[in-house]
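Please look through the sequence and the model shown below before reading on.

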Amino acid sequence: MLERPEDLDALQRTLDESYRNAGEHLKQIHEPQRRPDAAGLAQLLQGMCLLTLATVTRDGRPITGAVDGVFYRGAFHFGSSPESVRFGHIRQRPEVSATHLPGEHLAVTVHGTAQPLDLAAEDHAEFRQLLLDIY
């Protein structure tokens, strides 16, 4: 697990805020004792996690597809070819949602803005090594 204390603190704040703002239906089906805290979640998301990634087409239609996800420093990272239709969507409309759903025992859904990383940059050396270790 490569999350630092500040990553886990930020993730815990996000988890707490998410559950505070959850709808009644979600609160009824999610028992608090079954929800992992930030450290527990980071432990569950080791290695490659298959994600269903949602992007939006030019005419506003949502479209999903599977991507390899890697949870690192409290956030999911994913890749695809720069020439892919998916990355074309992201370049124009970077807002995405993704879900990791390995079974009924765990579902992790995230929403946010995709940000490109230059893996050749020195400040991404640790992440680049993680990818090499996984793949």
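Contact here means heavy atoms within 4.5 Å. This is a predicted model, in which local features need pLDDT of at least 70 and side-chain atom pairs count only at pLDDT 80 or more, while totals for chains, interfaces and linings use all residues. Residues are numbered from 1 along each chain as its sequence is written, and side-chain values use heavy atoms, with hydrogens and water left out.

Leaving aside residues up to four places away in sequence, histidine 100 touches Leu45, Cys49, Leu50, Leu51, Phe76, Leu106, Ala107 and Val108. With a relative accessible area of 9%, histidine 100 is buried, a term that means under 20% relative accessible area, as against exposed at over 50% and partly exposed in between (1.4 Å probe, protein chains only). A polar atom of the histidine 100 side chain lies 3.0 Å from the backbone oxygen of leucine 50.

Strand S4 also has pairing partners, where two strands pair if DSSP finds at least two bridges between them. S1 and S4 run antiparallel and are joined by three bridges, with threonine 52 having threonine 99 in S4 as its bridge partner. S4 pairs with S5 in the antiparallel sense over seven bridges, and alanine 98 stands opposite valine 110 in S5; S4 and S5 form a hairpin with two residues between them.

The next topic is the nonpolar core, a set of buried Ala, Val, Leu, Ile, Met, Phe, Trp, Tyr and Cys residues joined through side-chain atoms within 4.5 Å. The largest one has 19 residues, and those with the most contacts inside it are Leu11, Leu41, Leu45, Leu53, Phe71, Phe76 and Val108. At least two residues of this core come from each of helix H1 (5-20), helix H3 (38-44), strand S1 (48-56), strand S2 (62-72), strand S4 (95-103) and strand S5 (106-113). A second, separate core of five residues includes Val70, Tyr72, Phe127 and Leu131.

Helix H1 remains to be described. Its buried residues are Asp7, Leu8, Leu11 and Leu15, and because they cover an arc of only 90° around the axis, they lie on the same side of H1; the arc is that of the directions from the helix axis to the C-beta atoms. These buried residues pack against H3 and S2, whereas Pro5, Arg13 and Arg20 are exposed on the other side of H1.

Technical notes: Helices (H or I, at least four residues) and strands (E, at least two) are DSSP runs, numbered from the N terminus. A polar contact is a pair of N or O atoms within 3.5 Å; within protein, one must be able to donate a hydrogen and the other to accept it, and residues adjacent in sequence count only if both atoms are side-chain atoms.
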